[in-house]
Amino acid sequence: MTEFALEEMILNMGPHHPSTHGVLRFIVRTDGEMMLRATPDVGFLHRGIEKIAELMPYESFMPYTDRIDYLSSLNCNLGYALTVERLAGIEAPEKAEYLRVIGAELTRIGSHLIAVGALLLDLGAVTPFVHALRERETYNSLMEMLCGARLTHHYVRIGGVAFDAPDGFIEKALSFVNHLEYEFLDEFNKLISFNSILIKRLANVGIITPEKALEFTLVGPNLRGSGIKFDLRKDEPYSIYDRFDFEIPSGSGKFGVQGDAYDRYWVRIEEIKQSCRIVRQAINQMPEHGEIKTKISKPFKIPAGEIYVRTECPRGELGFYLISAGGKTPYRLKIRTGSFSAMTIIEELSEGVMVADLVAIIGSLDVVAPEIDR
Amino acid sequence: MRHNLMETKKLIELLGEKLSSFIVKADKMPNNDLLILIKKESLLSVMDTLKNDLELKFNVLMNHLGVDYTESFAVIYNLYSFKLKKKVTVKAYMEHENPEVDSIESVFKGVNWFERETYDLLGIRFRGHSNLKRLLLPSDWEGHPLRKDYIYPEEYNGLILKREENCK
């Protein structure tokens, strides 16, 4: 009988791999189907956005924020605008705040649809991804109506928003969220969420305890998946989020242990529902007429000072640390993103799991490569 | 705000009590967050107190960055406490020549990549860091781009990076 010796093999996953969600590379050490460690290698999409920020006026940097995270560009716009506004001491008009919230929550829905859809696709379930994309198509058309762009929206401006909602937008947005909450999610859950193969693939995989989540500075849905009910929209309300009634879903070990990949998946499904509720309330409360942009001085300058503002993006906390020296351009702008910290935990989680589970872990953490590299 | 359990003033008093010997200056930021300036030698002990003191429990590291002030460098850490529902910003300056500071990895494990990024883009060395290598840029890249005196390379491994001024 031949003895099979244990043999370590180093494999290269990426930079172009369908399940790495962008240009991202892993150095995987395996022994057969068992993985010893997956070390991430990032930086392929480093564009030096923070350096670019130092070279241009505050207003001109807005389109670059779209490119931080292409799946939630409007939320990135909003985070940057709020940072600059707070340091400059200006406020956006009420109607603009409502339009921002409607746009941001619709974008959150669109981003989560891709997040859950792509996770399922990576696991081999192609049909649900197409269902999610069908709904995202409606969202894309809605955003096109609102601001003319389907992916990189560039809708929020310093002091307000670019355009008022066009005729028919409100009705379409309302029927979209109603369709999602009352029809699509039920259908989607019946189709895949409670599918026993999916549960076997996700439950008890990539378990992150609350302590570990805090240690690795996880944020957003990944943190909530570990059972920590913390959402900046509720705990540190920015914009007008304190006017809405919604819940914070968190992981409870639905089919396995608290903090496993299924919990993170389920938190995103539940968050789509909560975003629908916020959009509906915002539409009902929004004043019909009103200013949509506060006039800002030209050239726009900010008094010297520094500030850290964080907002809740689909991929968790998006923080901007802005230092102004009193000029037309930022002195230093640091962008802290959710995927950056989610990426650090993968190396730890990958120890001793099956190779196929790595894809489930990456997918459930919902990392987007340009957000890591900036 | 609803969750402002404690006024910033009270927090300043509490921190003054716990960290009196370390704080050089305490300041309010425009959104009422607290900014404390410390000496870089005391960084590790300040972080340890902020995280582990039972009354403070600033156990979330939100953000870390480095800044080039041309005459000096600074490292900034943003911490959050679930207990107090408060944020605090810790800032420490260091000399421009050979910038070096203690790594706080022993207190906050999650700072690993943040410090690597600061090292990569600003060239600040972190003493005691477990894996201080470049993170975003290629390992053979020269210079640190976020420094104010950074000179753009004209070429990298045969790739022309210099931008043509008139490409009309």
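This is a predicted model: local features need pLDDT of at least 70, side-chain atom pairs count only at pLDDT 80 or more; totals for chains, interfaces and linings use all residues.
**Entry 1**

Strand 1 and strand 2 (residues 34–38) of chain B run antiparallel and share five bridges.

**Entry 2: helices on the sheet**

I turned to the helices of chain B. Helix 1 (residues 8–19) lies across strand 1, strand 2 and strand 5 (86–95) of chain B. I noted an angle of about 170° between helix 1 and strand 1 of chain B. Helix 3 of chain B packs on the sheet as well, where it touches strand 3 and strand 4 of chain B. The direction of helix 3 makes about 10° with that of strand 3 of chain B.

**Entry 3: the sheet of chain B**

In what order do the strands of the open sheet of chain B stand? I read 1-2-5-4-3, five strands with mixed pairing. Strand 1 (23–28) and strand 3 of chain B stand at the edges. Each has a single partner strand, so one side of each lacks a neighbour in the sheet. On average, neighbouring strands of this sheet are turned by 20° against each other, direction ignored.

**Entry 4: where chain B touches chain A**

I looked up the contact next. It takes 31 residues from chain A and 25 residues from chain B. Which elements of chain B give two or more residues to this side? I found strand 3 (60–68), strand 4 (72–81) and helix 3 (112–122) of chain B. Strand 3 of chain B gives the largest share, six residues. I also sorted the chain B side by class: 15 residues are nonpolar, eight polar and two charged.

**Entry 5: strand 7 of chain A**

I moved to chain A. Is strand 7 (residues 316–324) of chain A largely enclosed or left open? Nine of its nine residues are buried, so strand 7 of chain A is largely enclosed by the rest of the structure.

Strand 6 (residues 305–313) and strand 7 of chain A pair in the antiparallel sense, with nine bridges. The hairpin between strand 6 and strand 7 of chain A passes through two residues. A:Cys313 has A:Gly316, in strand 7 of chain A, as its bridge partner.

Strand 7 of chain A also runs antiparallel to strand 8 (residues 332–336) of chain A, joined by five bridges. There I found A:Ile323 opposite A:Arg332 of strand 8 of chain A.

Notes: Residues are numbered from 1 along each chain as its sequence is written. Chains are lettered from A and ligands numbered from 1 in the order in which they are written. Two residues are in contact if their C-beta atoms, placed from the backbone, lie within 7 Å. Helices (H or I, at least four residues) and strands (E, at least two) are DSSP runs, numbered from the N terminus. Ala, Val, Leu, Ile, Met, Phe, Trp, Tyr, Cys and Pro count as nonpolar, Asp, Glu, Lys and Arg as charged, and the others, Gly among them, as polar. A residue is buried if 20 or more other C-beta atoms lie within 10 Å of its own, exposed if 12 or fewer, and partly exposed in between; C-beta atoms are placed from the backbone. Two strands pair if DSSP finds at least two bridges between them. Axes are lines fitted to C-alpha atoms, for helices over the stretch in contact, and angles run from 0 to 180 degrees between N-to-C directions.
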